[in-house]
Amino acid sequence: MVLCALRQQVLRCSSHCRTWARLLQRQRSSCVYSSIHGFNQDEIKEKLQAFHGGSIDLLKQDSGIAVLTINNPSRMNAFSGSMMIDLEERVSQLENWPEGKGLIVQGAAETFCSGSDLNAVRAISNQQDGMKMCMFMQNALTRLLRLPLISVALVEGRALGGGAELTTACDFRLMEAGSVIQFVHKHMGLVPGWGGAARLVHLVGSQNALKLLGGAVKVDPELGVNIGLVDGVLEGHQKTEGAAPLLQQAENWLSRYTKGPAPVIQAVKKVVLSGRELPLSEALRTEKDIFGTVWGAPANLEALASKSKHK
């Protein structure tokens with residue numbers, strides 16, 4: 001009898017592992033572009049690597065909340081080619097972080113990100129290379145949004161162009177009072193190419209997206225909250241006496257949604273993601289699969305054991 005129970009537990013664990021593996025594989029294989037679209041990742045990485053400068057830094061904390069920092073202060077944290085590759089590699093690390101629950105994306109030196117480094121942009125200004133860079137960054141930011149972590153962009157200073165697009169690749173956006181998000185692509189004779197327009201429409205609707213893109217509108221915290229782009233406004237500790245540092249405020253804000261075991265928080269993100277992106281019938285089947293990974297798992301059994309019957 002004991003052997004039977006043990007066998008059932010092993011089978012259940014094996015089934016759960018297979019389901020998680022299948023879901024993770026689905027997530028990884030759901031990059032927007034692959035070889036069937038004429039996309040060669042190694043080829044574009046080789047070209048991007050030639051344009052050095054800055055870094056994308058990742059700090060994984062024991063709390064299960066990671067901090068991803070866009071670090072190129074001399075160029076307002078603009079993305080060099082090597083930073084684009086860094087971003088893709090950091091996303092891969094986060095995809096393989098079992099203890100992860102949340103992610104904060106921030107910029108170094110009191111500014112968020114000013115988009116692409118113009119030195120790299122000028123060097124790959126031909127249409128073919130530009131399209132490859134576009135596909136590379138769409139893949140990276142789509143994977144960022146699809147991480148099984150609840151993510152928030154912490155906007156301090158300015159988020160311009162590609163930096164504005166980066167904010168839309170997070171689940172939430174927090175802005176420091178006095179900061180700005182601006183889709184300045186029109187001024188460069190462009191439209192968003194990192195997926196920012198498509199994500200923006202989902203966040204604020206087509207009417208507001210047209211206004212922000214067509215008018216290159218400077219979105220301050222008040223406007224951001226009013227149109228649904230921004231989820232909270234933070235006061236900088238240097239401007240408001242007694243206020244905690246912005247990163248600590250962001251961690252406190254995010255922690256209300258990441259309390260609990262990592263497998264449960266990751267499952268929450270996955271069911272929301274499937275409901276957001278998949279047709280209803282497929283979203284329901286995916287929800288069933290994810291439900292199966294937490295039903296009867298340690299967190300569920302512990303909760304059942306600690307809760308009294310309904311009164």
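Helices here are DSSP runs of H or I with at least four residues, and strands are runs of E with at least two, each numbered from the N terminus. Counted that way, the protein chain in this predicted model has twelve helices and nine strands.

Let's start with the chain as a whole. It has 311 residues, and 46% of them count as buried. Its exposed surface comes to about 16000 Å², with carbon and sulfur atoms supplying 57% of that area. If you take the contacts between residues at least 6 apart in sequence, 73% join residues at least 24 apart.

Now find the open sheet. Six strands build it, in the order β1-β2-β3-β4-β6-β9, and their pairing is mixed. At the edges sit β1 (55-60) and β9 (232-234), each of which pairs on one side only. Ignoring direction, neighbouring strands of this sheet are turned by 20° against each other on average.

On one side, four bridges join β3 (residues 102-107) to β4 (residues 150-155), and the two run parallel. Within that pairing, L103 stands opposite S151, while V105 has A153 as its bridge partner. Strand β6 (residues 172-176) is also joined to β4 by four bridges, again in parallel; here V152 stands opposite F172.

What about the side chains of β4? In a regular strand, side chains alternate between the two faces of the sheet. You can follow this along β4: I150, V152 and L154 point one way, whereas S151, A153 and V155 point the other way. Both sets are buried, and β4 as a whole is mostly covered, with six of its six residues buried.

On the α2 side, the contact is made by Q41, K45 and L48; α3 contributes G81, S82, M84, I85, E88 and E89.

Definitions and conventions. Residues are numbered from 1 along each chain as its sequence is written. This is a predicted model: local features need pLDDT of at least 70, side-chain atom pairs count only at pLDDT 80 or more; totals for chains, interfaces and linings use all residues. Side-chain values use heavy atoms; hydrogens and water are left out. Contact means heavy atoms within 4.5 Å. Buried means under 20% relative accessible area, exposed over 50%, partly exposed in between (1.4 Å probe, protein chains only). Accessible areas come from the Shrake-Rupley method with a 1.4 Å probe; for residues, only the protein chains shown count as cover. Two strands pair if DSSP finds at least two bridges between them. Axes are lines fitted to C-alpha atoms, for helices over the stretch in contact, and angles run from 0 to 180 degrees between N-to-C directions.
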